[in-house]
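We will go stop by stop.

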Amino acid sequence: MTAQTLDGKAFAARLRARIATQVADLAGQGIVPGLAVVLVGEDPASQVYVRSKGRMTREVGMTSFEHRLPASTDQDTLMALIAKLNADPAVNGILVQLPLPKGMDEAAVINAILPEKDVDGFHILNVGRLATGQKAMVPCTPLGCLMLLRDYLGSLAGRNAVVIGRSNIVGKPMAQLLLRDSATVTVAHSRTTDLAALCRQADILVAAVGRPHFVQGDWIKPGATVIDVGINRTDDGLVGDVDFAAAVQVAGAITPVPGGVGPMTIACLLANTLTATARSNG
Ligand code: GUN
């Protein structure tokens, strides 16, 4: 049996088309959503992400504000920019690209963003709201994974979900979202014992470890739904955290890399920006 491929690229394109329609409706009321992206330093991968975020923001009819600061920028300068963006009514969403250069206090920077403009969902208030079941801005990558899971599986209630990775950006919020949908959730990490046996219990397996081809085909429960969050640059090009060629023989459904979770992240960022705009306009 060969797994169904979950086409995140096509799903994300449909989502962006729906967002564009809603943005056009808002334009009729004189409202244009604005997303500000702040990039500090010259990290090549971050530059690629920021460029494509800007392009897709404009494609759906929103305004993109890009702020590129040198790696030598001091924290006070960055804080002053965030204060300016917080106060700017044309800016509905603010994203500070991570990682920040060494020496910067990432938590302080993130928590300086107004929670209602925090389209990444990384502000401590949004993290707390998600964890306590309140209306929150939800981190884009796990939100995109959830959309693909719901679309393919319908209800997630009672399903065994294993999330590999405990980052603040993906693993932890992914676990919260799965729990909110009544899955039974286990978060695995580098100190987990017998990871393979644990994964074999998973109806839903989310891999967010950042190690190429880490998850082996024989770790996967036959028929499971596998979400591969990894984007690893190797000599063979972009590969995921899952050994796709082996996993596709066992899983029921699996996201490819590229073309799976990646495109969903930016589409969800635009969805969050639209949500922030709607909330700021009553
Ligand atoms: N760096 C890697 N992923 C992300 C993300 O989702 N948001 C931000 N701001 N930076 C990132």
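UniProt positions are given here in the numbering used for this model, with feature names shortened, and annotations may be inferred rather than shown by experiment. Residues are numbered from 1 along each chain as its sequence is written. This is a predicted model: local features need pLDDT of at least 70, side-chain atom pairs count only at pLDDT 80 or more, and totals for chains, interfaces and linings use all residues.

Select residues 139-279. An unreviewed UniProt entry annotates them as "domain: Tetrahydrofolate dehydrogenase/cyclohydrolase NAD(P)-binding". This span is 37% helix and 18% strand, and its end C-alpha atoms lie 17 Å apart. Helices (H or I, at least four residues) and strands (E, at least two) are DSSP runs, numbered from the N terminus.

Now select residues 6-120. UniProt, again in an unreviewed entry, lists them as "domain: Tetrahydrofolate dehydrogenase/cyclohydrolase catalytic". Here the chain is 50% helix and 16% strand, with 24 Å between the end C-alpha atoms.

Next, go to the ligand. Which residues surround the ligand? They are Leu95, Val96, Gln97, Leu98, Asp120, Cys140, Thr141 and Ile169 (C-beta atom, placed from the backbone, within 6 Å). β4 (93-96) and α6 (140-153) each supply at least two residues of this shell. The ligand lies between domain 1 (32-114) and domain 2 (139-261), because both give residues to the shell. Those bounds come from an automatic or database domain assignment.

Last stop: threonine 77, in helix α3 (residues 75-87). Threonine 77 counts as exposed because it has 12 C-beta neighbours inside 10 Å (exposed means 12 or fewer other C-beta atoms within 10 Å of its own, placed from the backbone).

Technical notes. Buried ≥ 20, exposed ≤ 12 C-beta atoms within 10 Å, placed from the backbone.
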